[in-house]
Amino acid sequence: MTAVAAPEKPRTGRVAPTAGLRRPRRFGKALLYLALVAGAVPTLLPFVWLVRSALMQDAQMFTAPPEWIPAPFQWSNFTEALTAQPFWLYFVNTVVIAVISVLGTVLTCSIAAFSFSRLRWRGRNVVFAVLLSGVMLPYAVTLIPTFAMWQQLGALDSIIPLTVPSWFAGAGGGVFNVFLLRQFFLTIPFELDEAAYIDGASPWRVFWTVVMPLSRPAIVVVTIFTFIGTWNDFLGPLLYLTDEDKYTLSLGLASFQSVFITQWGYLMAASAAVIAPIIALFFFLQRYFIEGITLTGIKN
Amino acid sequence: MPALSGQRRMERRWGLLMAVPAILGFVIFTAGPMVASALFSLTDWQIGGTPSYVGFDNYTALVDDELFWKSLSATTYYTLGAVPLALIVAFAVAMLLNQRVRGLSIWRTIFYLPTLVPAIANVVLWIWIFNPDFGLLNSLLRQGGLPTAQWIYDEATAIPSLIIMSTWGFGNTMVIFLAGLQGVPRHLYEAVSIDGGGPWRRFWHVTLPMMTPTIFYNLVVGVVGTFQVFNQAYVMTEGGPNQSTLFYVYYLFRKAFHESEMGYASALAWVLFMVIMVVTFLMFRNARRWVYYEMAGAR
């Protein structure tokens, strides 16, 4: 290898960059940004379309070469769409379900993760492997028996089926959170636990005052993804909620869509209003989002 | 010595206690329903009624069910289109962002933004984008003097339309690729450069092989997730036109909750489970041939 490479050395660009070399470099950079813009335009276009339609009068929307700037700005689309159905109530319902689910998931998944990472008991790893295998199960398999169970218990048309499972370490796909938290807990030095035990602390105390305060990044990640998962869930509310007063935003938007089927201004205004809180949340917690996805992807 | 065993005993007791919610959750919401679903699939059962045992009748009925095959092929078609396309787009954009771009976080945010749109809002937005008369796509095509399409309202273009729509949300995959790319050891690139290799060789001999585990991960997650697509069919197309977007889980949902054929729907669920297991198994078996792992034998 080296014998072949050696005579070539002077020819390869390891000499100080000359003016001749810089030009293709700059050309390459320009090409790179051109490609990025070419990708960004179609990515952003649907958002532009959404906002422009949300603020437009119908008459202007149905013009042959499409117009891009609303004239006048039809702000009433928002007020009318959001009062045509009680979106404010849907919002509150969604937040209630999301908050209960997040609390349950974070608390019970952390407790389980603590047991599976920092307490030694026989059969621990086997039990954990069995629990984790549940992630592979398609939700369609458990859908019908779970529905039948809630029906037997008389819990249909309530938020119980949508929130209670999260208090059992997420149940089903939520086990993934246990895995994530466990991975994080394993990176915390075990000497801290030992020191606390010597001082006479119980495992619960070690969990609550040693491990949890040091695990904030992982907890934030689980919080964000559970929150978004609940916020976006459609099938769950569709199955379990029938009374319109209990609708979530997703369910409310779907029913709104089926009523105002061609009122594009209203539909886009309502959609924008459903999207906005999540995007706002993202801008506040951007760092955690990216870290979170990276964490889930790297775990392999 | 006695102190240690006391500690051990305490750990065992607390360990079991703290695992109880997770174990209960698994039994009540995963293992229990799984067994129940298998049993239900052997019955004829309307919701509210009592199940009656019919053996494997539901499974044999599937073979003659035209809609079952239709839903399986529609879902396969969708998966074969959506997953590779998302992988390619996400990988390409991640490669661009890995080139020491200025304002990386801004670019990353732009490409990530679509994944934040809640599923139903996404569906409503795209119904309007696909509108044949005044939607975004046909408006642009018309302005460019190009032929327009009926998008989700035409049997031939319905699934390709939904594939385009799903590709818009490539951001999650891209972020995982980007993290993977940033983890490729720098010295490998330098080694290729010293041997006189250009960017093309660096890509083929370093980037691509080192990224195969990440590509594989995204492939498996993508296939398993895409196979269970539901929302688009329910809100956008109702399986139409002419059942062309009758996705598997949507068909199952219709059987279970519209036609109240719970036993049949349970059989559908188990067939789906088997299909996903077989496909995943094949992907893993095939992976040995192309996925590169740093420590040979570790996997």
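A residue is classed as buried under 20% relative accessible area, as exposed over 50%, and as partly exposed in between (1.4 Å probe, protein chains only). The model is predicted, so that local features need pLDDT of at least 70 and side-chain atom pairs count only at pLDDT 80 or more, whereas totals for chains, interfaces and linings use all residues. Residues are numbered from 1 along each chain as its sequence is written, chains are lettered from A and ligands numbered from 1 in the order in which they are written, and side-chain values use heavy atoms, with hydrogens and water left out.

Chain B contains 13 helices and two strands (DSSP runs numbered from the N terminus: helices, H or I, at least four residues; strands, E, at least two). Its radius of gyration, taken over C-alpha atoms, is 25 Å, well over the 19 Å given for 299 residues by the globule rule, so chain B is more spread out than a compact globule; that rule is 2.2 Å times the number of residues to the power 0.38. Along the principal axes, the C-alpha atoms of chain B fill a box of roughly 85 × 75 × 35 Å. Of the 299 residues of chain B, 52% are buried.

In H8(B), 10 of the 12 residues are buried, so the helix is largely enclosed by the rest of the structure. The buried residues of H8(B) include Gly171(B), Met174(B), Phe177(B) and Leu181(B).
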